[in-house]
Amino acid sequence: MKRKHFRGLTDLFAKIDARGKKGESLSFDQAAERVVRGILSLSKKGNKVFLVGNGGSSAIASHISIDLLKNAGIASLTFNEASLLT
């Protein structure tokens, strides 16, 4: 069962169309690594990470924001209230 689940995730990640700044195609791993490096770079400079979400995505944004602060010590804010989004 677990193998089937992970195979499904691997197939899903392979379908993600990630692109670099110059439009070059990136694998999911390459894209994720760039995002992590960017967040760490912002944090080292004393900047904050802002996350925006609507509907179910707001819960995910909130969860990521809390994980960044709690587990990585990276300051972040979440905008998920309708009045803040418009």
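Which helix gives the most to the lining of the largest pocket? Helix H2 (residues 28-44) does, with five residues. Before the close-ups, some ground rules: this is a predicted model, with local features needing pLDDT of at least 70 and side-chain atom pairs counting only at pLDDT 80 or more, while totals for chains, interfaces and linings use all residues. Residues are numbered from 1 along each chain as its sequence is written, and side-chain values use heavy atoms, leaving out hydrogens and water.

**View A. The largest pocket has a volume of about 250 Å³.** Its lining is made up of Ala-32, Val-35, Val-36, Ile-39, Leu-40, Ile-64 and Ile-74. By class that comes to seven nonpolar, no polar and no charged residues (nonpolar covers Ala, Val, Leu, Ile, Met, Phe, Trp, Tyr, Cys and Pro; charged covers Asp, Glu, Lys and Arg; the others, Gly among them, are polar). A pocket here is an open set of points on a 1 Å grid over the protein atoms alone, where a 1.4 Å probe fits, with protein on both sides within 12 Å along at least five of seven lines; lining residues have an atom within 4 Å of a point. The volume is the space filled by probe spheres set on the points, which are joined across faces, edges and corners.

**View B. Strands E3 (residues 49-52) and E4 (residues 76-79) pair in the parallel sense.** Four bridges link the two (pairing takes at least two DSSP bridges; strands are DSSP E runs of at least two residues, helices H or I runs of at least four, numbered from the N terminus). Val-49 sits opposite Ser-76 of E4, and Val-52 has Phe-79 as its bridge partner in E4.

**View C. Side chains alternate along E3.**

**View D. Ser-76 and Thr-78 both belong to E4.** Ser-76 is buried, at 13% relative accessible area, and its side chain makes a 2.7 Å polar contact with that of Ser-65 (N or O atoms within 3.5 Å, one able to donate a hydrogen and the other to accept it; residues adjacent in sequence count only if both atoms are side-chain atoms). Thr-78 is partly exposed, at 22%.

How values were computed
Buried means under 20% relative accessible area, exposed over 50%, partly exposed in between (1.4 Å probe, protein chains only).
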